[in-house]
Amino acid sequence: MATRCYSPEMDVRDLQAALAKDKQDALVDFFGGRPRDHIIRAGMMLEGQSLGGLEMAAMGQEQHFRDMMVSLAKTWRKDIAKQVHDAISGVGTDDKALIDIFSSSSMGDVGLSTHSYEEKYHTTMEGDVAKDTSGDYKKTLLAIIRGTTGNTALAASLRAARTVEEHALALHASGEGRIGTNEDVFIELLTTYYQNSPEHIQGICAHYQKTYGHSLQTAIERETSGKFRDLLIALSLPRDVYVARRVHDAIQNSDKALIKRLCTLNPRDTLVSAGQLYATEHGDLTAALTTAFGSSSFGKLLCRLFQPL
């Protein structure tokens, strides 16, 4: 079946019509049936028109459905900036949200999002995250935000050892192969390669499993703890595997904020692959999403987002 082509004018016309007539099924079709770049483009065009933008036009919709639509219509950098700010605003820090955000976003997207963050909130993402976090967990998050750990000597030595075998050996020598853990090696390797070369990370993981008889994630669990451990594991897993695990968490707890975060931070192909992994492990994803989140427009949109375009 041929993929339908949509013009920018058609996109914004269909979105306006669905919003004006409060056609929830049409809104589900639009946000669940268009590529993300089309949705973003239509949202930007709507923002410049007299309707006052998507957020105002969607005010009559159920909150979680409205928030999902607004997030999907934001550029990646603006959405990351808002989600980081939401995670560290108010009482306490939502560390699980920060891990979801930073493990799903490329350093390029995070770098761009820092400018959006400063424009909107008149403060820096790096400064705000630094104030709300600590220790090696903080060091890892800041390395992702800055695009570097700043440890030039360590970075140079790890670049010189380019193969997955050498990097697996370096991780073992820095963790299970010594008394005490050299956390800096884990931080340097995982923040350098997690998005820019995920196949390299998976090569390291495969060699680690083959050589030492257990996974790199098991080694991380043995050598680290708490939020730092959770972040390293998130960075070391294939993205679809991590998302499938978090989808299961969201369904188990009927957590609308979590499932929305996963759907807006990850590209469609990752969601589709994660949905297939979930189905293999736990059964029909559509049925599970409907049970957890209902058959409302929000629930229907969730089901669409885990299906191919």
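The model is a predicted one. Its largest nonpolar core has 52 residues, and another core, of 41 residues, lies apart from it.

**Nonpolar cores**

- Within the largest core, the residues with the most contacts are V84, L98, F102, V129 and L171.
- L171 is in contact with V185, F186, L189, I204, Y208 and L216, leaving aside its neighbours within four places in sequence.
- The other core, of 41 residues, includes V12, L19, M69 and L285.
- In soluble globular proteins, nonpolar side chains tend to be buried together.

**Helix α15**

- Helix α15 spans residues 216-223, and its residues L216, Q217, A219 and I220 are buried.
- These four lie on the same side of α15, because they cover an arc of only 155 degrees around the axis.
- An α-helix has 3.6 residues a turn, so residues three or four places apart point the same way.

**Aromatic rings**

- Searching the whole structure gives 4 aromatic pairs.
- One of them joins F30 and F31 edge-to-face, with 5.2 Å centre to centre and 75 degrees between the planes.
- F30 and F31 are both buried.
- Another pair is F293 with F298, also edge-to-face, at 6.2 Å centre to centre and 85 degrees between the planes.
- Both F293 and F298 are buried.
- The ring of W76 has R36 over its face, 4.1 Å from the ring centre.

Technical notes
Residues are numbered from 1 along each chain as its sequence is written. This is a predicted model: local features need pLDDT of at least 70, side-chain atom pairs count only at pLDDT 80 or more; totals for chains, interfaces and linings use all residues. Side-chain values use heavy atoms; hydrogens and water are left out. Rings of Phe, Tyr and Trp (its six-membered ring) pair if their centres lie within 6.5 Å; planes under 30 degrees apart count as stacked, over 60 as edge-to-face and the rest as tilted. Buried means under 20% relative accessible area, exposed over 50%, partly exposed in between (1.4 Å probe, protein chains only). A charge sits over a ring if NZ of Lys or CZ of Arg is within 6 Å of the ring centre and within 35 degrees of the ring normal. A nonpolar core is a set of buried Ala, Val, Leu, Ile, Met, Phe, Trp, Tyr and Cys residues joined through side-chain atoms within 4.5 Å. Contact means heavy atoms within 4.5 Å. Helices (H or I, at least four residues) and strands (E, at least two) are DSSP runs, numbered from the N terminus. The arc is that of the directions from the helix axis to the C-beta atoms.
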